Structures are given as C-alpha cells and as structure tokens.
Amino acid sequence: MQNSIKSIRNLGLSLKRMFDLLQNDIMKTKTIFTTICLAATMSLYAQRTATISLSPEGTQIIPKEIYGQFAEHLGSCIYGGLWVGENSSIPNIQGYRTDVFNALKELKVPVLRWPGGCFADEYHWMDGIGPRENRPKMVNNNWGGTIEDNSFGTHEFLNLCEMLGAEPYISGNVGSGTVEELAKWVEYMTSEGDSPMARLRRQNGRDHAWKVKYLGVGNESWGCGGNMRPEFYSDLYRRYSTYCRNYDGNVLFKVASGASDYDYNWTDVLMQQVGTRMNGLSLHYYTVAGWTGSKGKATSFTDDDYFFTLGKCREIEDVIKRHCQIMDQYDRQKRVALMLDEWGTWWDVEEGTNPGHLFQQNTLRDAFVASLTFDIFHKYTDRLKMANIAQIVNVLQSMILTKGDQMVLTPTYYVFKMYNVHQDATYLPLQIISDQVQVRGNRTVPMLSATASQKDGKTHISLSNVDPNQKQTVTISLGGLKANRVSGEMLTSAHLTDYNDFGKAEVVHPQAFNGAKIQNGVLTVELPAKSIVTLELQ
Ligand code: AHR
C-alpha cells in the first residue's frame, strides 16, 4: 500500500516536473521527448489484465473471401489507383501500377468486387470493351460528375484478377440495365463455345473465357440501385437471374442485393420471396457517425470519438446476428450465404479533395476497426461467406493511397496483411474475459479483442489492446494445445491519430513482437497500449 502511495506521489512529482519544463518553452524536440516520457511513466503505473481460454479444436473454416476487396469507378480508385495505362510515366505492368500491384499481391486478395457500388447500376459493360480510343465516355453521376472514359473495362478488370490470383465478383446493372444486357455480359465473360458473345470477346483479343464465379444482381436496390421496395426487387432478382446462365462448366454464385445495416425487413422479404434461388444475399454496414452532416475528420479525433467509433464498429456483430436469425427462419441448412460486400469506416473527405471522390486518410483507429471487425466476422462464418472492405485504393477505408507516382500503405493494409494467416484456416473459439468501458452511443467496448485459427500445424492468435493508454497482460490457457515456440508481429504507434503520409517516412508499420512466452500450457502476452498483435504458435 505504502509503495503504491509512493508510486502515485512520484508520478505526481514527475508530472509536475514535466509540466514545469513544458511551461519553460523549451525546444520542440524536448517537448516531444517529454510527452513520450509522460506517456511511458503513466503506463508504468497503469496496467490491465485479461484472460482467454482457447479451444484447441474447431470445425468451422474461415473462408478466405472474408478478406475480400471492393474496387469501384469512384474518385481515383481505378484511374490513378489501380490503373494508369500502358503509356503512363508511372511504372506499370500492362497498365496496372507496379507499386500498387505488388503491394496487393502480398496481401493475398482472395476476391475483388467491381465495378460498383452505385456506379454498377449505371454501367453499361459494352462501353468498356474493344479498342480504347473507340470507347464512349459517360458521366459518373454518382461520384462527382467525373467523366468516365471507359478505358478500364471488362478485359482490364478480369485480367487484373487473374494476375492477382483473385476471384472476380461482378456487380451487374439491374437499376438501369436490361435483362438482355446482363445475360450477354455473362455470356461474353464465360462462354467458351461459338456463341455470339464469345466471338465478340475473341475479336477483342481474348480467346478463352475467364472464370467468373460471383455475380451480384444489382447493388443497393433500395437506394442508388433503383429505390425499389423489397417485394418489387425480389421479382426483378428472379427475372434477371433466370437469364444469367452457366456456360461451359462455369458455375455462377448469384448474389441478391441486400439490406443496409438495420433494415431487417429487406432480408425477411428477400428470404421469403426469393429463398434458395439466390446463392447469397448481401449486406452493407459502414462505421460512420451518421449520414447527415459531418462524419468527422479521419486524422483528428478525441479518445471519446475513438471509443464511439469502436462501439459503432462492434455493433456489426448484433447486425450480423439479427440478419442471420432471419435467414435461419427460412433456411436452416444455411444454403444462402450472407455476403457483407461493403463495410469499413467513412469519414469526411480530406480537405481540398473532391467531396464526391471519398478520399480519406487512414489512422491507427482505422486499423482497430479492421482488426475488431475480423474478430467478429470469424465467429459467424457458418453463414457469413464473404466480406469486401470499401475500398481497395483511394476510397474510404483503403488499403493503399496514391498521389501521382507516390504510394502509401495504410494501417488498415497492415492489419489485412497480419490477418491473412487466418484465410482458410480452422477457427478456434475463444472465451475472453477483459475490462469493458461504456462509450457514447450507449454501447460497451471490451478493452481486448481477439481471434484464433489453425492451419498447417500452426496456430495464430490475433489480439487487439484497444486501450489508448494502458498496457495489458493477457493470460491465455491453451487447452492442451501442443506448442512451445511463439513469435509475433505488432502494429502500434505513438498516437491513435498517426497515419502514413506521402513523402514522409512510414509511421505506422508492423514490427517484430517479443512480448509473449509459453509456460506449462499457458501463453502470457504483454500487450502495449493501443497495439494489434498476431502471434504464431508451433
Ligand atoms: O462504397 C461507396 C458507396 O457506398 C457504394 O457505391 C454504395 O454501394 C454505398 O452506398
């Protein structure tokens, strides 16, 4: 007791000394040093604990498609982000930016959704094939009225997927396109035979059909995709999907346009009216403060804002559960998959950028949204078979940002990279006991989030200490799991608001983690404040 009083008193004295120094208007570098000392001193005296019990055996595979991406013709996602064209001075591989391509290759992108989003329901695929100089232009009405020259079309997209080893997910136009148009697109992409569309494809330089598995039949049909009622859309889905044929061994997985976050009625009607005619039903959920007014700045926020964001992000669990419960009522055997084909943070655009281009920076806060969301996704993969973060480059919660010939990898990129060990691994359930805080929005946020999986004889455990100030000791009982070696990687930074910026040294990036040890079947992990760690046990 006396010791603790002494420690608190010492802490008080050091704080006072530091504030005195600050007031003395010392050099800026010294101020930074002092602030770091202050944070370090405080963390010496404040520490949380948490416990986890791991079940060493699991049955559920985490589908790699949970780690899917989304690329829309929006702002500089496609043009300048993924694609610069063969004649660009920016280094490229057949028109795709070399730096971005290589970074994505490392990420192991399992599936890529394209061309929208809202853009998809105004996209006419025939404008995007044939010699580029002959392709008609259009106005991108959804996203800032930008002129779209259609130089990136079906061939450019499907070839990119092949090069990345990613499954393509085509989002078809139901809002303003015809049944014939969508049916012919499927034929163009997937027919091997001597069909009219296969012949047209060959004329355009591609002999063999591509393999296209995922087909979205409309997007946000309740909103930008046609402002429909679920009953009407259900019939349209039935009609459009009828004519999307399976050609020459290519089997389509057809996805109906699903609900926006809390719209449970949409899911109910679709399940009742369409049922197993669809292979998947989509769902969109954004971590956003609200749809009207300011959504908040991406890079400047308080701890209160940070916790509000985590609360909102974690609410995705209740939303998934309720949609799953409704689906269960109609489909006990889980033949219809839930496809969360848009998710992520949505902030105000960066100052000076086109408000219709949704270009936002990405901090350690976004990294936590990614890690906490994956921890939740892993629990529901009996029904949840795909998720696509919005979006891959330069839009919303991106993996990558570009500016001219420069590129930065975001903190979210690194979470995807650290978590890709969980792709197609066996999910190991965890029981977690940790401190919790009540946050604005009447939500609760546990201070620790975690997930585990096993593949090829290795066990991976990902842990997020969301506390901005306090470190956390986590004791994990391994339930008989045979492991005696542990190594790890950690993502953290001095401030939650830190981000990687153009022309500057990378601030937020993974580093080796040595704070874990195994003894007598128990793994003890010392997590620094605001850190995300992935451990490998063997
Ligand atoms: O991801 C940006 C937009 O958000 C998509 O185009 C749309 O589907 C959603 O409203």
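**Cavities, an open sheet and an enclosed helix**

Strand 10 provides the largest share of the lining of the largest cavity, namely four residues. The structure is a predicted model, in which local features need pLDDT of at least 70 and side-chain atom pairs count only at pLDDT 80 or more, while totals for chains, interfaces and linings use all residues. Residues are numbered from 1 along each chain as its sequence is written, and side-chain values use heavy atoms, with hydrogens and water left out.

A cavity here is a set of points on a 1 Å grid over the protein atoms alone where a 1.4 Å probe fits but cannot get out, and its lining residues have an atom within 4 Å of a point. Grid points are joined across faces, edges and corners, and a volume is the space filled by probe spheres set on the points. Two cavities of 30 Å³ or more are counted by this rule. Of its 14 lining residues, Arg113, Tyr169, Gly218, Ser282 and Asp341 are the closest to the centre. Strand 8 (167-172), strand 10 (253-260) and strand 11 (280-287) are the elements that each give two or more residues to this lining; strands (E, at least two residues) and helices (H or I, at least four) are DSSP runs numbered from the N terminus.

The lining of the largest cavity comprises three nonpolar, eight polar and three charged residues. In this classification Ala, Val, Leu, Ile, Met, Phe, Trp, Tyr, Cys and Pro are nonpolar, Asp, Glu, Lys and Arg are charged, and the others, Gly among them, are polar. The second largest cavity holds about 30 Å³ and is lined by Tyr123, Trp125, Asn173, Glu181, Leu182 and Trp185. Its lining has four nonpolar, one polar and one charged residues.

Elsewhere, six strands form an open antiparallel sheet in the order 16-20-21-27-23-24. Strand 16 (426-427) and strand 24 (511-513) stand at the edges with a single partner strand each, so one side of each lacks a neighbour in the sheet. Pairing requires at least two DSSP bridges between two strands; strand 16 and strand 20 (residues 448-455) pair in the antiparallel sense over two bridges. Tyr427 has Ser453 of strand 20 as its bridge partner.

Buried means under 20% relative accessible area (1.4 Å probe, protein chains only). Among the buried residues are Tyr413, Tyr414, Phe416 and Tyr419.

Technical notes:
1 Å grid on protein atoms, 1.4 Å probe; cavity = no way out; pocket = protein on both sides within 12 Å on 5 of 7 lines; lining within 4 Å. Buried < 20%, exposed > 50% of the residue type's maximum accessible area, 1.4 Å probe, protein only.
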